[in-house]
Amino acid sequence: MCGIVGYIGENNCVPILIEGLKRLEYRGYDSAGIGIINHDECRVVKTKGKVSELENLISEIQIESNLGIGHTRWATHGEPSMVNAHPHLNTDHTLFLIHNGIIENYLSLKKGLEKEGYVFKSETDTEVLAHLIDHYLKMKHSLFQAVRYALNEVEGTYGICVIYKREPDKIIVARKGSPLVIGIGENENFVASDVNALIAHTKQVVYLEDGEIAEVYKDSFTTKTISDETIIKEIHQVDIGIDEISKGGYPHFMLKEIMDQPESIYNSLRGRLVYNEGISKLGGLQGFEERIINSNRILISACGTSWHAALVGEYMIEQYAGIPVEVEYASEFRYRHPIISKDDTVIFISQSGETADTLAALKEAKKKGALCLGVCNVVGSSIARESDAGVYIHAGPEIGVASTKAFTAQLTVLALITLLIARRRNLSLPEGQEVIKELQQITNKVEIILKQNEYIEKIADQYVNCRNFLYLGRGYNFPVALEGALKLKEISYIHAEGYPAAEMKHGPIALIDDNMPVVFIATQDSVYDKIISNIQEVKARKGRILAIVNEEDEQIENMVDHIIRVPKTHNMLTPILTVIPLQLLAYHIAVKKGLNVDQPRNLAKSVTVE
Ligand code: F6R
């Protein structure tokens, strides 16, 4: 959460910072601010609200500098407001600091500083750091040392970026638990919380690890650990194009990302299928296959949409690879003292690769000796780097806060992992080839569904004023019901619940009347007849029914109010198709309600606080 960007070089930093913040705004959009130092002039401009509001403010005052930092905030401590917006300052306004993360011991640090006479203006934990660094600067330490000493007193997480009027030739950045990357340019360098903010300027980046601090000059940088040991960092080449992080003519990132799915799924499959042998080839798992195949148990841990993908993974692996699987919310996993052994494999699924709960769960499982695999989208992200091995989903940058193409790419990769394990255990060659054949056709089938976009938009008209929704599915479509409900509630603010369809009669059926829309995901699988009975139960109570069914279905149409048809596929791949109409439905309902689908209220794309 929170976006961080910084610039030092020969150009005017202000447009660079604003553009960088716009690219990072999906991380948080409660407030935005920049701080610049230009010879003797130190300026801070900040505002509650979005980066566009900051941009308007700046256009009225005309500021320029070769050194500056910017921040877009997702509020933790202190409400979204101007005073709580970053940068935070020391008392004489010579030091600017921006921060992503949470300083857990800020209250005790604050008390100590108040005793020394420091006066606090904001309710944030971050302001403590600005004054603490100032405290060490007053003891005649350099900015670098002052930051280092201050960080040694801090408990919690941080990605920070600091500039100081008396040392205007550098930016200091440091990381513990919140991502930070340095972008290397020519006579200019950049810092940011993720590469999206940099790639318009440079593809050469250095990822800071936890416990590292860097001094970034316009033409060089040095890195150390917080405990003052020098370290040499590798420079990486990023291969994301600027077109991948723009809307490409669509009104919203979310719609673009839904429409991108034939390509993103294709990319997650590319080069990974071997038809003759009926297997998948996953380079990132090379050398670890035996351990995975012989695992006593597989755990899958994730949050939100990635957790829904994990549930599908559980169905896939248990059914086809015959290994017991447990799915864990990452946020619970860490704190409930899970029993994990060296014979377990734990798969961590995360689009961003930065989700704090998932990262903490990974560290816990690693400590206990399990084999830890990452299934991430963002290359070089913390979870990808901390895992023993893993598979990138290659969905391309996902900017819309509601996850869409990452989900279908996660499902694709889970099918590949299942195939890899199952073929070494109990899946026959023809069965393996059947999965591969279906995977090879899946992108065409996705396209068939996407062609119904306008039809789904018309259906959305009928539901836009509803206040509650139920989503019901069985088997592989149960996690899809959860995901459909999550998509709707997070962008349209309509209350929606997902249930296994048969659970309805154990409680939620009490909610059904002619005002309650019920979305059934009812493809022709082994529980088809059962779900038809569940549809009848809702119909008997006058619920409004929208059903996602297979193209060939002849039974359901007459029982329901609206129907969306999807092609048939291998049962374990069904969720890749059935979720797409639900993504489009949520999107169109939210747009019709006039809401900001790419930046829904209170949310942030990557949740780097626990
Ligand atoms: C929902 C959504 C979130 C994320 C969750 C995990 O649309 O995007 O629920 O899925 O915050 O994020 P990652 O996958 O980055 O770990």
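## Arg148

Arg148 is buried, at a relative accessible area of 7% (buried is under 20%, exposed over 50% and partly exposed in between, with a 1.4 Å probe and protein chains only). The model is predicted: local features need pLDDT of at least 70, side-chain atom pairs count only at pLDDT 80 or more, and totals for chains, interfaces and linings use all residues. Residues are numbered from 1 along each chain as its sequence is written, and side-chain values use heavy atoms, with hydrogens and water left out.

Helix H5 (residues 143-152) contains Arg148; helices are DSSP runs of H or I with at least four residues, numbered from the N terminus. Leaving aside residues up to four places away in sequence, Arg148 touches Ile213, Thr225, Ile226, Ser227 and Asp228 (contact means heavy atoms within 4.5 Å). Its side chain also makes a polar contact with the side chain of Gln145, at 2.9 Å. A polar contact is a pair of N or O atoms within 3.5 Å; within protein, one must be able to donate a hydrogen and the other to accept it, and residues adjacent in sequence count only if both atoms are side-chain atoms.

## Ligand contacts

Ser306, Ser350, Ser352, Thr355 and Glu490 come nearest among the 14 residues around the ligand (a heavy atom within 4 Å). For Thr305, a polar backbone atom is 3.1 Å from a ligand oxygen atom.

## Ligand shell

Helix H9 (304-321) and helix H16 (477-492) are the elements that give two or more residues to the shell around the ligand. Four shell residues are nonpolar, eight polar and two charged (Ala, Val, Leu, Ile, Met, Phe, Trp, Tyr, Cys and Pro count as nonpolar, Asp, Glu, Lys and Arg as charged, and the others, Gly among them, as polar).
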